[in-house]
Amino acid sequence: MTEGALLVVNADPSRPEAVRLLRELSEELGERYGEPGAGATVPERPHEPRSAFVLARMEGEAVGCGALRPYGGAEPHIAEIERMYVNPTARGRGVSRAILAKLESLAKDHGYTIIRLETGLLQPEAIHLYVKAGYTRIGRYGIYKDNTMSACFEKKLGA
């Protein structure tokens with residue numbers, strides 16, 4: 001890999017570098033929202049069929065992550081993106097866009113036609129990323145339905 005190269009790859013969320021990034025995500029969410037442990041540390045079902053966990057690497061170091069999972073139930077065509085995170089030292093360098101693009105590509109490969117996601121209102125940079133990537137704001141859904149600090153988005157995937 002050339003110096004400064006960005007690579008987003010499938011990974012096991014239980015690997016130490018993934019656990020470190022997920023812990024950083026949880027700590028950052030805790031600081032932003034004043035709730036210790038605001039984010040879960042490991043994707044709930046990382047090895048479930050049609051799921052994925054990815055790591056972004058810059059110069060060989062894991063600097064970001066994201067997960068894709070089935071939304072579930074009677075809507076098998078919908079996936080949910082979760083655990084999107086980029087270490088502050090790597091922000092502003094296209095890492096989050098690359099992670100999102102990889103997750104969208106994997107979603108298409110798994111036969112999903114719609115992606116949903118939730119982020120918090122105190123994360124304007126995430127909201128900006130999703131809007132810029134073509135996501136549309138939708139009503140709060142599922143476990144976020146009554147969370148007034150949540151902002152939910154959806155994107156229909158093209159062929």
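**Exercise 1. Salt bridges**

How many salt bridges does the count come to? Work through three of them in this predicted model.

Solution. 

Step 1. A salt bridge needs a side-chain nitrogen of Lys or Arg within 4 Å of a carboxyl oxygen of Asp or Glu. By this rule the count comes to 14 salt bridges.

Step 2. E27 forms a salt bridge with R23, and the closest N and O atoms are 4.0 Å apart. Both residues lie in helix α1 (residues 16–33). They are 4 residues apart, about one turn of the helix. E27 has a relative accessible area of 45% and is partly exposed. R23 is partly exposed too, at 41%.

Step 3. Take a pair that spans the sequence. E75 and R116 form a salt bridge, with 3.9 Å between the closest N and O atoms. E75 lies in the loop between β3 (61–70) and β4, and R116 lies in strand β5, so the pair ties together parts that are 41 residues apart in sequence. Now check burial. The cut-off for buried is under 20% relative accessible area. R116 has 13%, so R116 is buried. E75 has 28% and counts as partly exposed.

Step 4. The side chains of K155 and E104 meet in a salt bridge at 3.2 Å, N to O. K155 sits in strand β7 and E104 in helix α2, so this pair ties together parts that are 51 residues apart in sequence. K155 is buried, with 18% relative accessible area. E104 is buried as well, at 13%.

Step 5. Look for shared partners. Salt bridges that share partners join E28, R32, R91 and E125 into one network.

**Exercise 2. Helix α2**

What span does helix α2 reach from its first C-alpha to its last, and which of its residues are buried?

Solution. 

Step 1. Helix α2 covers residues 95–109, which is 15 residues.

Step 2. From first C-alpha to last, α2 reaches 21 Å. This is close to the 21 Å expected at 1.5 Å a residue.

Step 3. List the buried residues. They are V95, I99, L100, L103, E104, L106 and A107. E104 is the salt-bridge partner of K155.

Step 4. Look past the end of the helix. G111 follows α2, and the phi of G111 is positive, near 85°.

**Exercise 3. A surface patch and a loop residue**

Which residues form a nonpolar patch on the surface? Then locate G60 relative to L6.

Solution. 

Step 1. The patch consists of L121, L122 and M149. Together they have about 220 Å² of accessible area.

Step 2. Locate M149. It lies in the loop between β6 (136–138) and β7. M149 is partly exposed, with a relative accessible area of 33%.

Step 3. Go to G60. This residue lies in the loop between β2 (52–58) and β3. G60 counts as partly exposed, at 41%.

Step 4. Compare sequence with space. G60 and L6 are 54 residues apart in sequence. Their C-alpha atoms are 8.5 Å apart.

**Exercise 4. The whole chain**

What pattern does the protein chain follow along the sequence, and what share of its residues is buried?

Solution. 

Step 1. Count the elements. The protein chain has 3 helices and 7 strands.

Step 2. The pattern is β-α-β-β-β-α-β-α-β-β.

Step 3. Of the 159 residues, 47% count as buried.

Step 4. Sort the contacts. Take those between residues at least 6 apart in sequence; 62% of them join residues at least 24 apart.

Step 5. Finish with the surface. The chain exposes about 8300 Å², and carbon and sulfur atoms supply 52% of it.

Conventions
Residues numbered from 1 in each chain as written. Predicted model: local features only at pLDDT ≥ 70, side-chain atom pairs only at ≥ 80, totals over all residues. Heavy atoms only, no water. Helix = DSSP H or I, 4+ residues; strand = E, 2+ residues; numbered from the N terminus. Expected span 1.5 Å × (residues − 1). Buried < 20%, exposed > 50% of the residue type's maximum accessible area, 1.4 Å probe, protein only. Patch = residues over 30% accessible without salt bridge, like charges linked within 9 Å, V, L, I, M, F, W, Y side chains within 5 Å. Areas by Shrake-Rupley, 256 points an atom, 1.4 Å probe, with all protein chains shown as cover. Contact = heavy atoms within 4.5 Å.
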